[in-house]
Amino acid sequence: MKKLSIFLASLMCAVPVFSQTEEAPNRLLLKNTLGNMSGYVLDRVDELSFARIDGEVKADVQINSVELDKLNVTVKRTPDCYGFKINVLPAVAANQYDDLAVITVVNRGNPSTWYEDFIGGEMTGIELEPATDYVLVTVGVDGYGIDDGVVRVPFTTPKPALVGDPQVTAEVVESQLTSFKIKFTPNEDVDAYYCVAGEKGTLESQLEQFGPWMGLTSMTDLIMSWGVETKGEQVKEWKDMDPNTDYEVYYVATDVNGTPADYKIIEVSTLSQGGSGAAAVDIEILEYEYADWGGEMKPSQYVEFTPNDQSWCYRFGVWIAEDYDKNAEEIKNNLRSEPPMPNMANWFFFEPIVTDFQIDPNKECVAIAAAKNADGVWGDVTEVRFTTPEKPEGDPGVTGKPASKSSGITARHAAKKSLKSFDFTPEKAPVMRKAGKLRLHQ
């Protein structure tokens with residue numbers, strides 16, 4: 001071990017030098033790679049030391065048997081591992097954690113540290129869900145009491161016994177541009193069933209995203225939480241879907257005791273919109289008048305966007321010309337892009353729309369739009385330059401205060417958005433929303 005003075009250690013850590021007129025620091029701060037910080041009052045620090053351990057600090061673990069309320073495990077420490085902590089995490093969460101995050105999560109429960117190996121020891125005091133993926137984790141502790149090596153062992157809990165053979169058959173009975181219908185027929189062993197629809201290939205990722213903070217540990221959990229209890233034969237309809245899109249409907253049946261069977265998936269596609277030709281969007285600048293924006297009358301520029309018959313979906317925006325001209329190519333590339341995550345609200349539009357933007361008078365602006373055809377090929381960007389009039393039409397009303405000036409452009413469809421991070425409709429995957437109002441300028 002090498003001991004260093006506080007002054008020398010601070011130099012090694014690149015702490016800035018303070019002049020005589022500046023007050024010297026009186027805290028020692030340590031920040032880990034997760035951004036978590038710990039600290040000490042410098043007057044209470046006796047020495048700062050550095051040490052080295054060459055061997056692995058891990059507690060290797062083997063699972064011998066699995067029950068819903070206990071595990072039989074064997075744990076053996078490496079020579080440099082003085083102790084270990086142990087816990088069980090849902091796989092949907094653990095698979096997203098790096099080692100430091102696992103250590104942080106394990107320590108939240110103020111776990112015991114064990115200083116001897118376990119040979120066929122029982123781990124009790126746990127409550128696990130049936131037919132669910134988990135990860136048994138150990139955190140090795142070195143001779144200085146520092147958490148180090150993480151060992152992960154995945155396992156699946158046993159399936160519960162079912163009463164009878166509860167099965168539901170699903171059949172697509174209708175598919176339209178923005179909707180589809182599916183007929184569900186349960187057999188006599190089904191007490192109830194649940195279903196959830198999402199764009200193909202997205203529900204698994206949504207389980208990873210929402211599972212840890214919504215307490216969902218499996219896809220069956222998600223289906224039963226987001227679905228609606230249904231009994232008997234029914235034809236269910238999903239509306240407000242996207243044209244030319246593949247969907248999956250996950251569904252699961254339960255027996256008379258409420259025990260779920262294995263979930264199943266049926267695929268369905270909405271009808272195609274557009275063609276294989278060049279997709280384009282026509283832009284028309286309409287009225288400039290006062291409109292109500294959250295109880296305040298403000299200047300509002302109406303714009304109409306009309307996709308052609310080859311368009312499947314499109315995007316649009318309005319920019320202050322000065323900002324647009326500085327980054328035109330970057331803005332165009334961003335316009336013709338895919339959503340950063342599934343089910344982003346208002347990322348794509350599919351039908352003609354007339355909407356308004358809050359813009360101050362005498363502002364030179366650029367309206368842009370671009371569309372994809374039925375094959376997913378983007379067309380050219382339509383660009384229309386215009387300047388708002390000196391004064392909006394209509395009556396600004398009596399608000400008791402003048403309308404506030406805008407620093408840019410606010411879109412009408414964004415101003416009406418919920419403040420929630422997502423909108424949830426039963427039996428459908430959540431619609432993700434961006435935080436706050438969508439600003440259509442840089």
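Strands pair when DSSP finds at least two bridges between them; strands (E, at least two residues) and helices (H or I, at least four) are DSSP runs, numbered from the N terminus. The model is predicted: local features need pLDDT of at least 70, side-chain atom pairs need 80 or more, and totals for chains, interfaces and linings use all residues. Residues count from 1 along each chain as its sequence is written, and side-chain values use heavy atoms, without hydrogens or water.

**View 1. Strand E9 pairs with E7 and with E10.**
Strand E9 covers residues 133-141. Strand E7 (residues 83-90) runs antiparallel to E9, and eight bridges join them. Asn87 has Val137 of E9 as its bridge partner. Strand E10 (residues 147-156) also pairs with E9 in the antiparallel sense, over eight bridges. Here Asp133 is bridged to Thr156 of E10. E9 and E10 make a hairpin with five residues between them. In that turn, Gly145 has a positive phi of about 80°. How many of the nine residues of E9 are buried? Eight are, so E9 is largely enclosed by the rest of the structure. Buried means under 20% relative accessible area, exposed over 50%, and partly exposed in between (1.4 Å probe, protein chains only).

**View 2. Ala131 and Asn362 are loop residues with positive phi.**
Ala131 lies between strand E8 (118-123) and strand E9. Its phi is near 50°, a positive value in a residue other than glycine. At 36% relative accessibility, Ala131 is partly exposed. Asn362 lies in the loop between strand E20 (353-358) and E21. Its phi, near 60°, is again positive in a residue that is not glycine.

**View 3. E11, E12 and E14 form an open three-stranded sheet.**
The order is E11-E12-E14, with antiparallel pairing. E11 and strand E14 (234-238) are the edge strands, and each pairs on one side only. From one strand to the next, the twist averages 25°. Angles run from 0 to 180 degrees between N-to-C directions of axes, which are lines fitted to C-alpha atoms. E11 (residues 168-175) and E12 (residues 180-186) are antiparallel and share seven bridges. Val168 has Pro186 as its bridge partner in E12. Ala170 has Phe184 as its partner in that strand. A hairpin through four residues joins E11 to E12.

H4 spans residues 203-214, 12 residues in all. Its end C-alpha atoms are only 14 Å apart, short of the 16 Å that a straight helix would reach at 1.5 Å a residue. That expected span is 1.5 Å times one less than the number of residues. Leu203, Gln206, Leu207, Phe210 and Gly211 are buried in H4. After H4 comes Gly215, whose phi is positive, near 75°.

**View 4. Ile223 sits in helix H5, with its C-alpha 5.8 Å from that of Val196.**
H5 covers residues 219-226. Is Ile223 buried or exposed? Ile223 is buried, with a relative accessible area of 0%. Along the chain, Ile223 and Val196 are 27 residues apart.

**View 5. Cys195 and Cys313 are both buried.**
Cys195 has a relative accessible area of 0%. For Cys313 the value is 1%. The structure holds zero disulfides, counted as pairs of cysteine sulfur atoms within 2.5 Å.

**View 6. The largest nonpolar core has 19 residues.**
Phe305, Val318 and Phe357 have the most contacts inside this core. Four strands each supply at least two of its residues: E17 (281-293), E18 (296-307), E19 (311-320) and E21 (364-373). A second, separate core has 17 residues. Among them are Val61, Val88, Val153 and Phe155. A nonpolar core is a set of buried Ala, Val, Leu, Ile, Met, Phe, Trp, Tyr and Cys residues joined through side-chain atoms within 4.5 Å.
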